[in-house]
Amino acid sequence: PLGVVYWNILRISAVVSPVVMGGLWLADRPGRLAASAKVPPSAEPMRLQARDASGMRWFDVSDITRLYATDKYVAFRMEGREYLLDESLTALAERLAAAGFLRTHRSELVNRRHVQAFEGSTLVLSDGQQARVSRRAAARVRRALSDR
């Protein structure tokens, strides 16, 4: 019963104004929690928690060059190892847009600060990785890269 009352208060406050709860902003629609690009900037760098065979680690998003879909996970490579995230690529794209990440393909998200070259339908990144660019996203990606 107390949880129901608390949840209803959260739903009402979401309609009236955004409320910060545990790092997440309540969305404009009642009852829906969502990460938002409107989160106030902090002095602390944005970080992601990822796992590999040895356990969980934290990474600064500025060090990540590319996120890509693999099976039902999102992965990235760093220091010669692949790390997995449980969050969807769509959710990460929304959350990391403020950090300079750009959706280049339905299965690729790239940190535009690490783009070295745009060759055909491929982006060459600072760590040697290559990311695909879909035909649909090519014009948007070119514009975003020319604005930096």
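**Whole chain**

This is a predicted model, in which local features need pLDDT of at least 70 and side-chain atom pairs count only at pLDDT 80 or more, whereas totals for chains, interfaces and linings use all residues. Residues are numbered from 1 along each chain as its sequence is written, and side-chain values use heavy atoms, with hydrogens and water left out.

Colour the chain by secondary structure: the protein has three helices and 13 strands, taken as DSSP runs (helices H or I, at least four residues; strands E, at least two) numbered from the N terminus. Of its 148 residues, 35% are buried; buried means under 20% relative accessible area, exposed over 50% and partly exposed in between, with a 1.4 Å probe and protein chains only.

**Aromatic cluster**

Select Phe59, Phe76 and Tyr83, which ring pairs link into a cluster. Rings of Phe, Tyr and Trp (its six-membered ring) pair if their centres lie within 6.5 Å; planes under 30 degrees apart count as stacked, over 60 as edge-to-face and the rest as tilted. The whole structure contains three aromatic pairs. In one of them, the ring centres of Phe59 and Phe76 are 5.0 Å apart and the planes stand at 85 degrees, so this pair is edge-to-face. Because Phe59 belongs to strand E5 (residues 55–60) and Phe76 to strand E7 (residues 73–78), the pair ties together parts that are 17 residues apart in sequence. Phe59 is buried at 4% relative accessibility, and Phe76 is buried at 0%.

Which residues surround Leu67 once its neighbours within four places in sequence are set aside? Its contacts (heavy atoms within 4.5 Å) include Val74, Phe76, Leu85, Leu92, Phe101 and Leu109.

Show the side chains of E4. E4 runs antiparallel to E5 and is joined to it by six bridges; strands pair if DSSP finds at least two bridges between them. A hairpin of two residues connects E4 to E5, and the bridge partner of Asp52 in E5 is Gly55.

**The three-stranded sheet**

Move to the open antiparallel sheet with the order E11-E12-E13. Strands E11 (115–119) and E13 (130–132) are at the edges with a single partner each, so one side of each has no neighbour in the sheet. E11 and E12 (residues 122–125) pair over four bridges, and Ala117 has Val124 of E12 as its bridge partner.

Finally, select Arg142, which lies over the face of Phe118 at 4.2 Å from the ring centre. A charge sits over a ring if NZ of Lys or CZ of Arg is within 6 Å of the ring centre and within 35 degrees of the ring normal.
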